[in-house]
Structures are given as C-alpha cells and as structure tokens.
Amino acid sequence: MTKTRRTYPESFKRDAVDQVLAGTPLRHVAQALDITEALLGKWKRQFQDAGADAFPGRGKQSGEAAQLKRLRDDLARVTMERDILKKALAIFSQPTK
C-alpha cells in the first residue's frame, strides 16, 4: 500500500506559521493541525528566509525566478528576430538578375 503525499494550501501554511510566530509553541500548533513538528519547523524557516515569496506552490514562481524566466523568453524572442533579419538582409542584398 502506497502513501500519498499530503499537500497543503499556501493559506494553511501561512496560518500555521503565523500561530507559531505569535508565540504558540510549535508542538501545540503541529498537534492541533495534525502535522509533524519537523514539517512546521520547515515552513517556519521557509517563511523567515523567503518572506512574501515563501510557499510558491505549483507553477507559482518566486519574484526572481519569474523575472529570470521573462528575461530568458525575451532573449529567445529577440534572438529569433535577429536571425530572421539577418536572413532577410542576405536575401535582399543579393544582386538582381
């Protein structure tokens, strides 16, 4: 029998971390939410390290990752445009017959 991984929404994680940061002991919050202390501690570290970019989830990228992807996409588009213009220049600069 295989166990499936439980996934938690971002709001659930933020609420749990907020309770811990408000002063409720980590153990009590973990027991109340039926999660392990290690998992809650991991969420707390992620939140403290990344702040607003913590818990990106599926498909949601952090600010820097999203900007990097946008810049790479722009570079690919500009490179393609440059190659097309090079080919067009080569075609139109040939002497006419």
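Biologist: How many aromatic pairs does the rule give here?

Modeller: The count comes to 3 aromatic pairs. The rule takes rings of Phe, Tyr and Trp (its six-membered ring) with centres within 6.5 Å; planes under 30 degrees apart are stacked, over 60 edge-to-face, and the rest tilted.

Biologist: What should I know about the model before we go on?

Modeller: It's a predicted model, so local features need pLDDT of at least 70 and side-chain atom pairs count only at pLDDT 80 or more, while totals for chains, interfaces and linings use all residues. Residues are numbered from 1 along each chain as its sequence is written, and side-chain values use heavy atoms, leaving out hydrogens and water.

Biologist: Okay, why is the pair of Y8 and F12 called stacked?

Modeller: Check the numbers: the centres are 5.2 Å apart and the planes 15 degrees apart. Since pairing needs centres within 6.5 Å and stacking needs planes under 30 degrees apart, both tests are passed.

Biologist: And what makes F12 and W43 edge-to-face?

Modeller: Their planes are 85 degrees apart, with 6.1 Å centre to centre. For the record, helices here are DSSP runs (H or I, at least four residues), numbered from the N terminus. Ring pairs link Y8, F12 and W43 into a cluster.

Biologist: How do you know whether W43 is buried or exposed?

Modeller: W43 has 3% relative accessibility, so it counts as buried; the scale is buried under 20%, exposed over 50%, partly exposed in between (1.4 Å probe, protein chains only). F12, at 23%, is partly exposed. A38 in helix α3 has 60%, so A38 is exposed.

Biologist: Which residues make up the largest nonpolar core?

Modeller: There are 11 residues in all, including Y8, A16, V20, V29, L40 and W43. A nonpolar core is a set of buried Ala, Val, Leu, Ile, Met, Phe, Trp, Tyr and Cys residues joined through side-chain atoms within 4.5 Å. Helix α1 gives the largest share, 3 residues.

Biologist: How do α1 and α2 pack?

Modeller: Helix α1 (residues 10-21) and helix α2 (residues 26-33) pack at about 150 degrees, with axes 9 Å apart. Axes are lines fitted to C-alpha atoms over the stretch in contact, and angles run from 0 to 180 degrees between N-to-C directions. On the α1 side the contact is made by F12, A16, Q19 and V20, and on the α2 side by L26, V29 and L33; contact means heavy atoms within 4.5 Å.

Biologist: What makes D34 stand out?

Modeller: D34 has a positive phi of about 60 degrees although it isn't a glycine. Most residues other than glycine have a negative phi. D34 lies in the loop between α2 and α3, and with 55% relative accessible area it is exposed.

Biologist: Why is P56 called partly exposed?

Modeller: P56 has 38%, which falls between the 20% and 50% limits, so that's the label. P56 is in the loop between α3 and α4 (63-92).

How values were computed
Helices (H or I, at least four residues) and strands (E, at least two) are DSSP runs, numbered from the N terminus.
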